Amino acid sequence: MRPVLARPYPDERELVLLQAALAGPEQAGHAWQRWKQAGGAPERADAATARLLPLICRNLAARGLEDADMAVLRIAHRRSWSSNQRLFHAVAPVIQALAEAGIETMALKGAALAVGYYADPGARPMDDIDLLVRHPDGRPAIGLLRRLGWTVDSTLPLEALLATRHAVSCRSGEHELDLHWRALYQTSDDERFWARSVPASIHGARTRTLCPEDQLLHVCVHGV
């Protein structure tokens with residue numbers, strides 16, 4: 001039996017939410033009201049919807065639109081902003097330590113989008129931070145993370161891990177960092193990504209992110 005794949009496109013209710021998060025004043029306000037009239041309630045939002053609430057809050061507030069649920073939206077935004085700041089604060093020393101060890105890093109996924117495109121880090125909720133290093137730097141990077149007190153979530157021998165995986169999750173207290181040595185799930189020539197990458201900063205620690213064209217590709221691949 002073939003596996004059942006998740007829907008690749010948003011349904012009608014999700015499209016309305018995206019309009020509330022991204023559209024101009026009139027369309028955003030109307031979209032938000034349509035979503036609520038169809039039974040939507042921010043305090044009962046599922047996980048996927050809840051991730052859009054901080055961005056909806058920013059969009060409606062920036063357009064000067066007020067709503068009875070703005071208090072709930074502002075709480076969602078503040079919670080996201082606070083969580084992201086704690087995560088940035090925990091990961092910045094790792095980025096700095098890797099740089100001092102001669103290991104260049106590149107922020108991927110949520111962190112790259114939050115600092116590069118959202119203008120407000122609280123508008124893009126994150127559960128973890130994804131950092132890419134070059135494949136030959138995977139071994140020393142994992143060793144450095146362990147010395148810094150991060151736990152590597154894998155029972156595989158290091159050689160097998162680096163040969164068969166593209167990344168590994170690491171934890172320190174409440175914080176999670178996914179260390180990547182491949183930008184994609186498949187084996188790829190990441191030097192093209194590195195060559196086109198652009199400077200970025202996370203909580204004062206200098207790193208890099210994918211260029212806009214490669215960022216779009218990576219978002220699409222990760223979304224699928």
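A residue counts as buried here when its relative accessible area is under 20%. By that cut-off, buried residues make up 46% of the 224 residues in this protein. Please keep in mind that the model is predicted. Its fold has ten helices and seven strands, and here is a quick tour of how they come together.

**Overall form**
- The radius of gyration is 19 Å, which agrees with the value near 17 Å that a compact globule of 224 residues would have.
- Along the principal axes, the C-alpha atoms fill a box of roughly 55 × 45 × 35 Å.
- Among contacts with a separation of 6 or more, 61% join residues 24 or more positions apart.

**Surface and charge**
- The accessible surface comes to about 12500 Å², and carbon and sulfur atoms account for 55% of that.
- There are 26 positive and 26 negative charges, and their mean positions lie 1 Å apart.

- In soluble globular proteins, nonpolar side chains tend to be buried together.
- The largest nonpolar core here has 32 residues, and Val-91, Ile-142, Val-168, Leu-177 and Leu-179 have the most contacts inside it.
- Elements that each supply at least two residues of this core include helix 6 (109-116), helix 7 (138-147), strand 4 (167-172) and strand 5 (175-180).
- Helix 5 gives the most to this core, with eight residues.
- Apart from this core lies another, of 18 residues, including Val-16, Ile-56, Met-70 and Leu-73.

**A closer look at Leu-179**
- Beyond its neighbours within four places in sequence, Leu-179 is in contact with residues including Leu-131, Ala-141, Ile-142, Leu-145, His-166 and Val-168.

Terms used. Residues are numbered from 1 along each chain as its sequence is written. This is a predicted model: local features need pLDDT of at least 70, side-chain atom pairs count only at pLDDT 80 or more; totals for chains, interfaces and linings use all residues. Side-chain values use heavy atoms; hydrogens and water are left out. Helices (H or I, at least four residues) and strands (E, at least two) are DSSP runs, numbered from the N terminus. The radius of gyration is taken over C-alpha atoms; the globule rule is 2.2 Å times the number of residues to the power 0.38. Buried means under 20% relative accessible area, exposed over 50%, partly exposed in between (1.4 Å probe, protein chains only). Contact means heavy atoms within 4.5 Å. Accessible areas come from the Shrake-Rupley method with a 1.4 Å probe; for residues, only the protein chains shown count as cover. Lys and Arg count as positive and Asp and Glu as negative; His and the chain ends are not counted. The place of a charge is taken as NZ of Lys, CZ of Arg, CG of Asp or CD of Glu. A nonpolar core is a set of buried Ala, Val, Leu, Ile, Met, Phe, Trp, Tyr and Cys residues joined through side-chain atoms within 4.5 Å.
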